[in-house]
Amino acid sequence: MPRLDESMQSLTVAGRGGFAFTGARFDKLGASNYTLATAAVDVSGSTGPFRQLLVDMLKMTLDACKKDPRSDNILFRVILVSDRFPKGVEEVHGFKLLTDIDPAVYDSLRTGGNTPLIDGCYSGVGATNKFAKELKTKDYESNGVTFFITDGAENASTATMGMLKKELEEAVTSETLESLISILIGINAKQYQAVLEDFQRDAGITHYKDAGEATPRNIAKLANFVSTSVSSTAQAAGTGGPSQNIAAVI
């Protein structure tokens with residue numbers, strides 16, 4: 001986890017596992033509701049050939065979100081997923097206000113190792129649930145959208161599918177979040193599509209999307225899909241329901 005700055009606080013996902021994360025201090029927040037957006041990016045060894053494209057995707061996504069009319073109501077978190085990291089996850093930055101995120105932070109992205117997909121998904125959803133609960137105690141409302149971007153299938157997690165399913169169910173039943181949309185995205189993962197679609201259904205993830213081959217054009221389309229989905233979710237905040245504008249395809 002990166003060194004904590006004074007604008008952030010450290011928290012831990014509820015339940016067993018000890019998955020830590022960071023989020024903006026509540027005294028730094030000025031709006032009444034927030035969209036908690038998370039991008040969990042697979043950086044296993046097989047993503048090495050398109051590492052720079054993943055960096056570009058994160059930068060394009062951040063830039064587009066900063067231009068959104070509701071940018072002040074978005075808290076964005078980015079995590080990297082590989083079994084090289086403790087618990088399979090390294091947090092690039094926690095739930096931060098967009099104005100506090102320097103895009104250069106994504107340049108440090110490095111690849112290697114195997115794909116602990118459950119760990120990445122669990123950290124993404126679990127941290128969203130936990131931070132939403134903390135926001136609720138301070139009278140902030142929130143909704144969420146999480147993206148799990150991978151080029152391969154699960155093969156190295158410490159968290160279990162049962163833990164992930166419980167967190168996804170908690171997002172629906174606890175009534176802490178207005179809504180949570182979760183999206184599993186395959187990039188350069190055509191050979192794993194059936195496996196990833198099964199993973200999505202078994203876990204209870206909302207959608208599976210195929211982003212195609214890792215080309216500059218497709219990466220730009222992926223960045224647009226992610227930023228547009230965040231924007232749609234932010235627009236739905238306060239309505240009591242999820243965004244209805246998640247595109248059918250990337």
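Strand E3 (33-42), helix H2 (117-137) and strand E6 (141-150) each contribute at least two residues to the lining of the largest cavity. Helices here are DSSP runs of H or I with at least four residues, strands are runs of E with at least two, and both are numbered from the N terminus. Please keep in mind that this is a predicted model, where local features need pLDDT of at least 70, side-chain atom pairs count only at pLDDT 80 or more, and totals for chains, interfaces and linings use all residues. Residues are numbered from 1 along each chain as its sequence is written, and side-chain values use heavy atoms, with hydrogens and water left out.

**The overall layout**

Let us step back to the whole chain. The protein has 5 helices and 8 strands. Read from the N terminus, these elements follow the order β-β-β-α-β-β-α-β-α-β-α-β-α. The C-alpha trace spans about 45 × 35 × 35 Å along its principal axes. Of the 250 residues, 55% are buried; buried means under 20% relative accessible area, exposed means over 50%, and partly exposed lies in between (1.4 Å probe, protein chains only). Among contacts with a separation of 6 or more, 77% join residues 24 or more positions apart, a contact being heavy atoms within 4.5 Å.

**Inside the cavities**

How many cavities of 30 Å³ or more does the protein hold? The count comes to 2, where a cavity is a set of points on a 1 Å grid at which a 1.4 Å probe fits but cannot get out, and lining residues have an atom within 4 Å of a point. Volume is the space filled by probe spheres set on the points, which are joined across faces, edges and corners.

The largest cavity has a volume of about 50 Å³. Its lining includes Ala 40, Val 41 and Asp 42, along with Leu 117, Gly 120 and Cys 121. Phe 148, Ile 149 and Thr 150 also line the largest cavity, as do Val 81 and Thr 115. By class, that makes 7 nonpolar, 3 polar and 1 charged residues. In this scheme Ala, Val, Leu, Ile, Met, Phe, Trp, Tyr, Cys and Pro are nonpolar, Asp, Glu, Lys and Arg are charged, and the others, Gly among them, are polar.

The second largest cavity has a volume of about 30 Å³. Ser 7, Met 8, Ala 24, Lys 28, Lys 96, Leu 97 and Asp 100 form its lining. Here the classes come to 3 nonpolar, 1 polar and 3 charged residues.

**Out in the loops**

| Residue | Relative accessible area | Class |
|---|---|---|
| Arg 16 | 59% | exposed |
| Lys 87 | 37% | partly exposed |
| Asn 188 | 24% | partly exposed |

Arg 16 sits in the loop between strand E1 (8-12) and strand E2 (20-24). Which residues does Arg 16 touch, not counting those up to four places away in sequence? They are Tyr 122, Thr 160 and Met 163. Arg 16 is also 9.0 Å from Ala 159, C-alpha to C-alpha, with the two being 143 residues apart in sequence.

Lys 87 belongs to the loop between strand E4 (74-81) and strand E5 (89-97). Although Lys 87 is not a glycine, its phi is positive, at about 60 degrees. Asn 188, in the loop between strand E7 (180-186) and helix H4 (193-203), is not a glycine either, yet has a positive phi of about 60 degrees.

Notes. 1 Å grid on protein atoms, 1.4 Å probe; cavity = no way out; pocket = protein on both sides within 12 Å on 5 of 7 lines; lining within 4 Å.
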